[in-house]
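Work through the exercises below with the structure in view. Try each task before reading its solution.

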Amino acid sequence: MEEMPEYQICMKCRKRGTPYMKKCWNCGTPYPGFEEIEDVDVIINETESEYIEEEIETIKPCELENEDFCKKIFAYGLLLNGEMELSFCDCDTCTSSLADLLAFIMECDPENEAVKAEIEKIDRSKFRFDVSTFGII
């Protein structure tokens with residue numbers, strides 16, 4: 001029996017999905033049929049671990065907020081395993097999430113002036129956070 005790949009990568013947006021998904025959870029682009037998978041060179045197999053994307057995927061809290069439950073769980077799994085990082089924009093959801101994250105790291109209240117000062121210093125266009133550094137799993 002042929003071993004299924006661990007991930008499929010969307011040809012349009014480059015986000016990962018399970019081999020059982022029919023379309024990309026991020027942009028909705030259909031994946032090739034299972035019979036075509038062998039021809040797609042962007043599949044990551046556990047046995048082909050030397051192929052790793054140069055830039056790690058990111059997702060914003062505001063993007064997660066709008067996803068359905070299953071897509072959130074998939075993204076959370078990637079975040080917790082260090083296979084995806086959080087990024088932030090200037091929207092209210094991302095600003096609030098960043099304040100919560102910094103308050104958690106600094107072990108204080110998100111409304112604390114020190115947290116607000118740290119948020120002002122961050123260049124959000126370049127800021128990425130690896131959730132796996134918390135060692136939750």
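**Exercise 1.** In which loop does Lys22 lie?

Solution. Some conventions come first. This is a predicted model, in which local features need pLDDT of at least 70, side-chain atom pairs count only at pLDDT 80 or more, and totals for chains, interfaces and linings use all residues. Residues are numbered from 1 along each chain as its sequence is written, and side-chain values use heavy atoms, with hydrogens and water left out.

Step 1. Helices (H or I, at least four residues) and strands (E, at least two) are DSSP runs, numbered from the N terminus. Lys22 lies in the loop between strand 2 (16–17) and strand 3 (57–59).

Step 2. Buried means under 20% relative accessible area, exposed over 50%, and partly exposed in between (1.4 Å probe, protein chains only). Lys22 counts as exposed because its relative accessibility is 74%.

Step 3. Contact means heavy atoms within 4.5 Å. Leaving aside residues up to four places away in sequence, Lys22 touches Pro30 and Tyr31. The C-alpha atoms of Lys22 and Pro32 are separated by 8.0 Å, and these residues are 10 residues apart along the chain.

**Exercise 2.** Describe the chain as a whole.

Solution. Step 1. Count the elements: the chain has 4 helices and 5 strands. Their order along the sequence is β-β-β-α-α-β-α-α-β.

Step 1. Of the 137 residues in the chain, 34% are buried.

Step 2. Take the contacts in the chain with a separation of 6 or more: 57% of them are between residues 24 or more positions apart.

**Exercise 3.** How do helix 3 and helix 4 pack?

Solution. Step 1. Two packed helices are described by the angle between their axes and the distance between the axes. Axes are lines fitted to C-alpha atoms, for helices over the stretch in contact, and angles run from 0 to 180 degrees between N-to-C directions.

Step 1. Helix 3 (residues 92–106) and helix 4 (residues 113–121) pack at about 120 degrees, and their axes are 9 Å apart. Helix 3 is therefore oblique to helix 4. Angles under 35 degrees count as roughly parallel, over 145 as roughly antiparallel, 65 to 115 as roughly perpendicular and the rest as oblique.

Step 2. List the contact residues. Helix 3 brings Thr95, Leu98, Ala99, Leu102, Ala103 and Met106, which meet Ala114, Val115, Glu118 and Ile119 of helix 4. These residues divide into 8 nonpolar, 1 polar and 1 charged. Here Ala, Val, Leu, Ile, Met, Phe, Trp, Tyr, Cys and Pro count as nonpolar, Asp, Glu, Lys and Arg as charged, and the others, Gly among them, as polar.

**Exercise 4.** Which residues touch the most other members of the largest nonpolar core?

Solution. Step 1. A nonpolar core is a set of buried Ala, Val, Leu, Ile, Met, Phe, Trp, Tyr and Cys residues joined through side-chain atoms within 4.5 Å.

Step 1. The largest such core has 23 residues, and Ile59, Leu79, Met84, Leu86 and Phe88 touch the most other members. Helix 1 (61–65), helix 2 (69–80), strand 4 (84–87), helix 3 and helix 4 each supply at least two residues of this core. Helix 3 gives the largest share, 6 residues.
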